[in-house]
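User: I'm new to reading protein structures. Could you walk me through one, feature by feature?
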Amino acid sequence: MARLVVVSNRIADPRKTAAGGLAVALGSALAATGGLWFGWSGRTVRSGDGGEGALQQQRAGNVTLATVDLAQADHDAYYLGYSNGVLWPVFHNRLDLADFDRGDIDGYRRVNRLFAQRLAPLLAPDDLVWIHDYHLIPLAAELRALGCRQRMGFFLHIPLPPPLLLAAIPQHEWLVRSLFAYDLLGFQSQTDLVHFGRYVHDEARAEHRADNVYAAFGRSVRAQAFPIGIDVDEFQRLGEADDAQETLATMREQYARRRLLVGVDRMDYSKGLPQRLRAFRRLLHDYPENRMSATLIQIAAPSRESVDAYADLRRELEGLTGAINGEYGELDWMPVRYMHRAVARKRLPGLYRASAVALVTPLRDGMNLVAKEFVAAQDPADPGVLVLSRFAGAAEQMGDALLVNPYDTDAVAQATQRALHMPLEERRARNDRLLAGLRAHDVHWWQRQFLDALQTPPLPPP
Ligand code: GDG
């Protein structure tokens, strides 16, 4: 196979176990071809100090990690401003949170152009280039403008919104035109693919030539859904290791007389955390038998703290947690354990396994890997139950979870009650089917599917 080049905003050292399933999977694909992983270094320099755009390269086994520093102002406009202040909210259906007016598009373009300028000289003619996520939508177009003719694929980790929402972004036409510089577009779900098809049909008059091939702007692009999975074996091995076992034992001892519910999320408004807390309060109100017992452990790992909407969310969660604990807490029982801190990855499988129920109730999510990790961590002989939002991409694959509308407080409370009281036989049957699905479509499958599709012969010009 040709050499693989992966490009993402942040890169991870695939040798470190803290890196997680995606980094492990991409790392093993890169190692197979002796590849290159390119992205931002995580460092910013003051604009005008001369260090911006500096390229560093290091070896991790037979993989080269290449990173660039960014000027502070460029990073703020590209990452905080346009990627997370415009694209993230709109792609998660939150037009109300998008800030279209700040002119951050210039920084977004500048950083993508800089990435292209630094990456282009590192590319060999037959490299396969795989670009990740919404930060880098125009990167292929910038590389093409520099004369790069390599096969290029793009994977969008977040949802693609319906056409009318996408059209609210002032630069929507430019963004979609940029997508046509790729040879292959990968989305998380069929829903995203349908949104893409409708947008290009209505707005770009694209011709849908054969299955999943679209011709517009003088180019052809193939688009498909490639639902991302987890590395089930790696996660289960993590669950058998001492740290996870120790966490499991501690949780079981501490909460011996309680039923645990767990939520693990980045602190993000797309994850539906206030709605989840309200549904948990409704559970305690409507089903009083759960008082003194049901205990929700909610981890909200800090994320994008300098975006305003995230600070508001944090205050709302602190208020709700205090209100629920104030209303229902007893001397020897607190209903909500809320942590605004990350938990070490090696402890997560123990936390998941100690829990009777996982509440994975995002308002919108490209996929949601926590849902998959929870299932992989269960004891098949006595598994916990997954309550999953129908608006997570994972819902298309995980119909054996209890699917809920996260906006419907009563329905989530009812599903949680059902999950807490589900008979063992039903829990096992659901878990077995979910786990078989995770194994069949794990992160290695995802990676192979995408790369196989990227290597199929190029499309004839329209
Ligand atoms: C984007 C898309 C898509 C969470 N808290 C802690 C922690 N985590 C880990 C989880 C999981 C990962 O972070 C979160 O992945 P998700 O898929 O749930 O969500 P996003 O971060 O929003 O990811 C999403 C994904 O990309 C992949 O394509 O599924 O839809 O939004 O692995 O375990 N890890 C540690 N401590 C924490 O406190 N160590």
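**Reading the model step by step**

Analyst: Let's start with one residue, keeping in mind that this model is predicted. Arg-345 has 17% relative accessibility, so it counts as buried; the cut-off for buried is under 20%.

User: What does Arg-345 pair with in helix α13?

Analyst: Here's the general idea. Side chains of opposite charge can pair when their charged atoms come close. In this case, the side chain of Arg-345 forms a salt bridge with that of Glu-373, at 3.8 Å from N to O. Arg-345 sits in the loop between β13 and α12 while Glu-373 is in helix α13 (residues 369-377), so the pair ties together parts that are 28 residues apart in sequence. Glu-373 counts as buried too, because its relative accessibility is 11%.

User: Which other salt bridge does the side chain of Arg-345 make?

Analyst: There's one with Glu-234, where N to O is 3.1 Å. That pair links distant parts of the chain: Glu-234 belongs to helix α8 (residues 232-240), Arg-345 to the loop between β13 (336-339) and α12 (348-353), and they are 111 residues apart. Both Glu-234 and Arg-345 are buried.

User: How exposed are Asp-400 and Arg-433?

Analyst: Asp-400 is partly exposed, with a relative accessible area of 22%. Arg-433 is partly exposed as well, at 46%. Their side chains meet in a salt bridge of 2.9 Å, N to O. Asp-400 lies in the loop between β15 (385-389) and β16 (402-404) and Arg-433 in helix α15 (residues 424-440), so this pair connects parts that are 33 residues apart in sequence.

User: How many salt bridges does the count come to?

Analyst: The count is 26 salt bridges.

User: Now the strands. How do I read those?

Analyst: A handy general idea: in a regular strand the side chains alternate between the two faces of the sheet. Now take strand β1 (residues 4-10), which is mostly covered, with 6 of its 7 residues buried. β1 runs parallel to strand β2 (residues 36-45), and 4 bridges join the two. Arg-10 has Trp-40 in β2 as its bridge partner. β1 also pairs with β5 in the parallel sense, over 4 bridges, and there Val-7 stands opposite Ile-131.

User: And which strands pair with β6?

Analyst: One is β5 (residues 128-132), which pairs with β6 in the parallel sense over 5 bridges. His-132 stands opposite Phe-155 in β6. Another is strand β7 (residues 184-187), parallel to β6 over 3 bridges, with Gly-186 in β7 as the bridge partner of Phe-155.

User: Is β6 (residues 151-155) largely enclosed or open?

Analyst: Largely enclosed by the rest of the structure, because 4 of its 5 residues are buried.

User: Last one: how do you find a pocket?

Analyst: In general, rolling a probe the size of a water molecule over the atoms shows where empty space is left. Here, the second largest pocket holds about 350 Å³ of space. It is lined by 21 residues, and the closest to its centre are Arg-353, Ala-354, Ser-355, Ala-356 and Asp-382. α9 (242-254), β11 (259-266) and α14 (409-420) each supply at least two residues of that lining.

User: What is the lining of the second largest pocket like by class?

Analyst: By class, that lining has 11 nonpolar, 3 polar and 7 charged residues.

Terms used: Residues numbered from 1 in each chain as written. Predicted model: local features only at pLDDT ≥ 70, side-chain atom pairs only at ≥ 80, totals over all residues. Heavy atoms only, no water. Buried < 20%, exposed > 50% of the residue type's maximum accessible area, 1.4 Å probe, protein only. Pairing = 2+ DSSP bridges. Salt bridge = Lys/Arg side-chain N within 4 Å of Asp/Glu carboxyl O. 1 Å grid on protein atoms, 1.4 Å probe; cavity = no way out; pocket = protein on both sides within 12 Å on 5 of 7 lines; lining within 4 Å. Points joined across faces, edges and corners; volume = space filled by probe spheres on them. Nonpolar A, V, L, I, M, F, W, Y, C, P; charged D, E, K, R; others polar.
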